[in-house]
Amino acid sequence: DYSEGIEVLRHLKQDPTYKGIPTMIITNYAEQQLAAVADGAEYGFGKTQYSEPATHERLSRFLDRKTA
């Protein structure tokens with residue numbers, strides 16, 4: 001529906017069903033990252049930072065690494 005990510009985030013954080021789910025915004029704009037954190041998101045990363053080890057470390061906190 002072409003919603004802005006920050007609007008989707010705000011909607012999720014206002015809904016008790018989804019409020020506790022960790023979320024983050026993927027954007028190269030620092031002001032958008034800060035707005036997302038202010039609205040309850042974890043600090044995300046920029047699209048150009050996806051391959052960086054620090055980004056993988058940040059994401060690993062939220063991803064289940066269980067094996068079958």
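The protein chain shows an accessible surface of about 5500 Å², and 53% of that surface belongs to carbon and sulfur atoms; areas here follow the Shrake-Rupley method with a 1.4 Å probe, and for residues only the protein chains shown count as cover. This is a predicted model, in which local features need pLDDT of at least 70 and side-chain atom pairs count only at pLDDT 80 or more, while totals for chains, interfaces and linings use all residues. Residues are numbered from 1 along each chain as its sequence is written, and side-chain values use heavy atoms, leaving out hydrogens and water.

**Overall fold**
- The protein chain has 3 helices and 2 strands, in the order α-β-α-β-α along the sequence; these are DSSP runs numbered from the N terminus (helices H or I, at least four residues; strands E, at least two).
- Its C-alpha trace spans about 30 × 30 × 25 Å along the principal axes.

**Inside the protein**
- Of the 68 residues, 21% are buried (under 20% relative accessible area; exposed is over 50%, partly exposed in between, with a 1.4 Å probe and protein chains only).
- I25 touches G5, I6, L9, Q33, A36, G44 and F45, not counting residues up to four places away in sequence; contact means heavy atoms within 4.5 Å.

**A look at E42**
- E42 sits in strand 2, which covers residues 42–45.
- E42 counts as partly exposed because its relative accessibility is 29%.
- Beyond neighbours within four places in sequence, E42 contacts T23, M24, V37, R61 and F62.
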